[in-house]
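Open the model in your viewer and keep the selection panel at hand.

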Amino acid sequence: MWLPVVAIVVGLVILVWSAERFVDGAVATSRHLGLSPLLIGMLVIGFGTSAPELMVSALASLEGSPGLALGNAYGSNITNIGLILGLVALISPLAVHSQVLRQELPLLGGVTLLAAWQLRDGVISGGESIVLLVVLALFIGFSIWRSRQRGGNEDALASDTAESLEQQSMSLLRGVLWTLLGLTLLIVSSRILVWGAVEIAAAYGVSDLIIGLTVVAVGTSLPELASSISALRRREHDLVLGNVVGSNLFNTLAVVGLAGVITPIEAGPEVLARDWLVMALMTGLLALFALGWRGRPGRLNRYEGATLLALFVAYTGYLVSSVMAV
């Protein structure tokens, strides 16, 4: 049984390294191609850090483990908010200035409600998965339109991204090469990781959903953690939040959508009653904290970060204890 364990560890290490190279290359390439800082911050960075989830879920679905794909997507959303934002806010409170983020958070809430509607009958069909991809395409189109409007690049998220881009000096050729190399290694490492996860699930009688919600979800979220801590060091708070919000939108729409188009995803009642409920609760709390309430400015302080982190620990602990009890 040591070989699947080694496969998971090696797969995660290569996955994280290749994801960082992929995002760096994609950002540099996008900058040389003339994309605005707002678009790079909203789409390239936020979506790029979700490339591991996309690769892992697509391969899992292709290999007949759609539960692993769904668990990876929802588990990554929970990890992004609970572990990453909770931990980052404990290190340093996050202030929210970006109007773009204030508009995207309600959208994330709406997409989360759409997920609940699709889970109501216990299966995410191919048609419902196409709906998710269409919503993603509409969001990307709207984002491009918004970035071209007057004042769009004056947003705080655009300013944070522009400051981050100034520290990069990668050429176009190097950016393209890193993007291609990162993408290739993402595919290879995802395949190794999926094989190891499925083997362990089969050997110990653990559902691939649980494996996806825990080990795989935390592992594929490590690029978001790395980029968030890096942005925090530069005090680019809106970029930290934009990374998580963009990544969660991508996970819910693209990761689940692509996996469901490949193979319809069966989801037991526990997914809606347990996993979706925790994801929705964390999303709602994030919106409440970041948008502000009762005249309070939008920010994520240490107490609120501790609340999110405690929810993540309690949820993960419950999943682990349920496995141990079997």
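Residue classes first: Ala, Val, Leu, Ile, Met, Phe, Trp, Tyr, Cys and Pro count as nonpolar, Asp, Glu, Lys and Arg as charged, and the others, Gly among them, as polar. This is a predicted model: local features need pLDDT of at least 70, side-chain atom pairs count only at pLDDT 80 or more, and totals for chains, interfaces and linings use all residues. Residues are numbered from 1 along each chain as its sequence is written, and side-chain values use heavy atoms, with hydrogens and water left out.

**Stop one: the cavity.** Select V96, L101, L105, L241, V245, L286 and A290, which line the largest cavity. A cavity is a set of points on a 1 Å grid over the protein atoms alone where a 1.4 Å probe fits but cannot get out; lining residues have an atom within 4 Å of a point. The lining has seven nonpolar, no polar and no charged residues. The space is about 30 Å³.

**Stop two: the second largest pocket.** A pocket is an open set of points with protein on both sides within 12 Å along at least five of seven lines. This one holds about 240 Å³. Eleven residues line the pocket; select Y204, G205, V206, S207 and V323, the closest to its centre. The lining divides into eight nonpolar, three polar and no charged residues.

**Last stop: the whole chain.** Show all 326 residues; 56% count as buried, meaning under 20% relative accessible area with a 1.4 Å probe, protein chains only.

Technical notes: Grid points are joined across faces, edges and corners, and a volume is the space filled by probe spheres set on the points. Buried means under 20% relative accessible area, exposed over 50%, partly exposed in between (1.4 Å probe, protein chains only).
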